Amino acid sequence: MKKKGYIFTNKRHSQRAIMATVLGIISLAALFFVVLCSYLSAGEASIGFGFTGLLSTVFSLVGLCLGITTVREKDYYRFFPVLGILLNLAALGSVSLILYAGARL
């Protein structure tokens, strides 16, 4: 009969890391919505779209800070901090790409 290998640990998921992941999802979703709405209106973006992009950048920076501080700690699982860092970096990269494309036109 095969023995089951249980591993007991004190590790848990960090609330800050989960918040970093949520902020990354919100930032990417807001950017996708802004780009889609701007595309559907033939490039006529209102001031609210710019404010949403700015708010998305702030959310991404806060989420990135939360993810980095949590990934340094040893008592937490690494899934949510790394996922939060990747999502927030993707959102910041998207904002950078949008700004670069806007400056080129």
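Mentor: Two residues are in contact when they have heavy atoms within 4.5 Å of each other. Keep that idea in hand as we walk through this predicted model.

Trainee: Gladly! What do the buried residues of α1 pack against?

Mentor: They pack against α2 and α3.

Trainee: Which are the buried residues of α1?

Mentor: A residue is called buried when its relative accessible area is under 20%. In α1 that list holds A17, A20, T21, L23, G24, S27, A30, L31, V34 and S38.

Trainee: How do I check the length of α1 against its number of residues?

Mentor: Compare the span expected from the residue count with the distance between the end C-alpha atoms. For α1, 26 residues at 1.5 Å a residue should span 38 Å, and the end C-alpha atoms are 37 Å apart, so the two agree.

Trainee: Where does S14 sit, and is S14 buried or exposed?

Mentor: S14 is in the segment before α1. Its relative accessibility is 5%, so S14 counts as buried.

Trainee: What does S14 do at the N-terminal end of α1?

Mentor: S14 caps that end, with a side-chain oxygen 3.2 Å from the backbone nitrogen of R16. Leaving out residues up to four places away in sequence, S14 also touches T70 and Y76.

Trainee: Which residues is R12 in contact with?

Mentor: R12, too, belongs to the segment before α1. Setting aside neighbours within four places in sequence, R12 is in contact with D75, Y76 and Y77.

Trainee: Let's move on to α2. How many residues does α2 have, and how far does α2 reach?

Mentor: α2 has 25 residues and reaches 36 Å from its first C-alpha to its last, close to the 36 Å expected at 1.5 Å a residue. Its buried residues are F49, G53, S56, T57, S60, G63, L64, G67 and T70. They pack against α1 and α3.

Trainee: Could we take one residue from that list? Is T57 buried or exposed?

Mentor: T57 lies in helix α2. Its relative accessible area is 19%, and the cut-off for buried is under 20%, so T57 is buried. Beyond its neighbours within four places in sequence, T57 is in contact with L92 and V95.

Trainee: What about L61 in the same way: buried, partly exposed or exposed?

Mentor: L61 also has its place in helix α2. With 44% relative accessibility, L61 counts as partly exposed. Between L61 and G24 the C-alpha distance is 9.2 Å, though they are 37 residues apart in sequence.

Trainee: What should I know about α3?

Mentor: The same length check works there. The 26 residues of α3 should span 38 Å at 1.5 Å a residue, and the 37 Å between its end C-alpha atoms agrees with that. Its buried residues are P81, G84, I85, L87, N88, A91, L92 and V95. What covers them includes α1 and α2.

Trainee: How much space lies in the largest pocket?

Mentor: About 440 Å³. The lining has 19 residues, and the closest to the centre of the pocket are V34, V35, S38, I98 and L99.

Trainee: Which helices supply at least two residues each of that lining?

Mentor: α1 (15–40), α2 (47–71) and α3 (79–104) each do. By class, the lining has 12 nonpolar residues, 7 polar and no charged ones.

Trainee: One last stop: where is V35 found, and how far in space is V35 from F49?

Mentor: V35 is in helix α1. V35 and F49 are 8.5 Å apart, C-alpha to C-alpha, and 14 residues apart in sequence. At 43% relative accessibility, V35 counts as partly exposed.

Methods: Residues numbered from 1 in each chain as written. Predicted model: local features only at pLDDT ≥ 70, side-chain atom pairs only at ≥ 80, totals over all residues. Heavy atoms only, no water. 1 Å grid on protein atoms, 1.4 Å probe; cavity = no way out; pocket = protein on both sides within 12 Å on 5 of 7 lines; lining within 4 Å. Points joined across faces, edges and corners; volume = space filled by probe spheres on them. Helix = DSSP H or I, 4+ residues; strand = E, 2+ residues; numbered from the N terminus. Nonpolar A, V, L, I, M, F, W, Y, C, P; charged D, E, K, R; others polar. Expected span 1.5 Å × (residues − 1). Buried < 20%, exposed > 50% of the residue type's maximum accessible area, 1.4 Å probe, protein only. Polar contact = N/O pair within 3.5 Å; in protein donor to acceptor, adjacent residues only side chain to side chain.
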